[in-house]
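Here are my notes on the model you sent over. Have the structure open while you read.

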Amino acid sequence: MEVINPIYFLRPKIAVTGHRPNKLWGYDLHNPKYIEMKELFKRILITKNASEGITGMALGVDQVFALAVLELKQQGYDIKLICTIPCLNHPCKWLEESKILYYDILSKADEVVQVSDKPYQPYLMQLRNEYDVDRCDELLAVYDGSKSGGTYNCIKYAESKRKPITFIRIP
């Protein structure tokens, strides 16, 4: 008879939060810094044997994370991409190039969750973040240490729910 460690079967659902392109390296996701971030996400997801990657699909970190999950899926890893949408017209103010990527990612997702059926309102971004935190087992936070904004609010909510947080510091 063989004893199998039950921890082997626990595959975490990992969500992401992080800054938008204006606080990072701009809107070109081909920037070497974004590519480096995507590779880091992939290593973390593989190491933790994640079952789901959960992203709120905002510009910047969220979409880089989604691309990392999609690459892992293409490479044969057993991971699902869960995209959570905060409102009906989420990308309505985005550049056309950003909208194209957004809809391409959604078309490849395993699940798309519409968190609210209301039109864009800033508070809906926090509702989406809370949904992501409630669904996940762990949060990845790409964070510059600032004490305001959506990333900070998401981290505070995750802390209040006692979710483990892996911080990825950026300058």
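The points below go from the overall fold to the aromatic pairs.

1. Ground rules first: this is a predicted model, where local features need pLDDT of at least 70, side-chain atom pairs count only at pLDDT 80 or more, and totals for chains, interfaces and linings use all residues. Residues are numbered from 1 along each chain as its sequence is written, and side-chain values use heavy atoms, leaving out hydrogens and water.

2. The protein has five helices and six strands, in the order β-α-β-α-β-α-β-α-β-α-β from the N terminus. Here helices (H or I, at least four residues) and strands (E, at least two) are DSSP runs, numbered from the N terminus.

3. How much of the protein is buried? Buried residues make up 48% of the 171; buried means under 20% relative accessible area, exposed over 50%, and partly exposed in between (1.4 Å probe, protein chains only).

4. On to the aromatics: there are four pairs, counted when ring centres of Phe, Tyr or Trp (its six-membered ring) lie within 6.5 Å, with planes under 30 degrees apart called stacked, over 60 edge-to-face and the rest tilted. Phe41 and Phe65 pair edge-to-face, 5.3 Å centre to centre with 80° between the planes. That pair joins helix H1 (residues 32-47) to helix H2 (residues 61-74). Phe41 is buried at 0% relative accessible area, and Phe65 is buried at 0% too.

5. Tyr143 and Phe167 make a tilted pair, at 6.2 Å and 45°, linking strand E5 (residues 138-143) with strand E6 (residues 165-169). Tyr143 is buried at 5%, while Phe167 is partly exposed at 34%.
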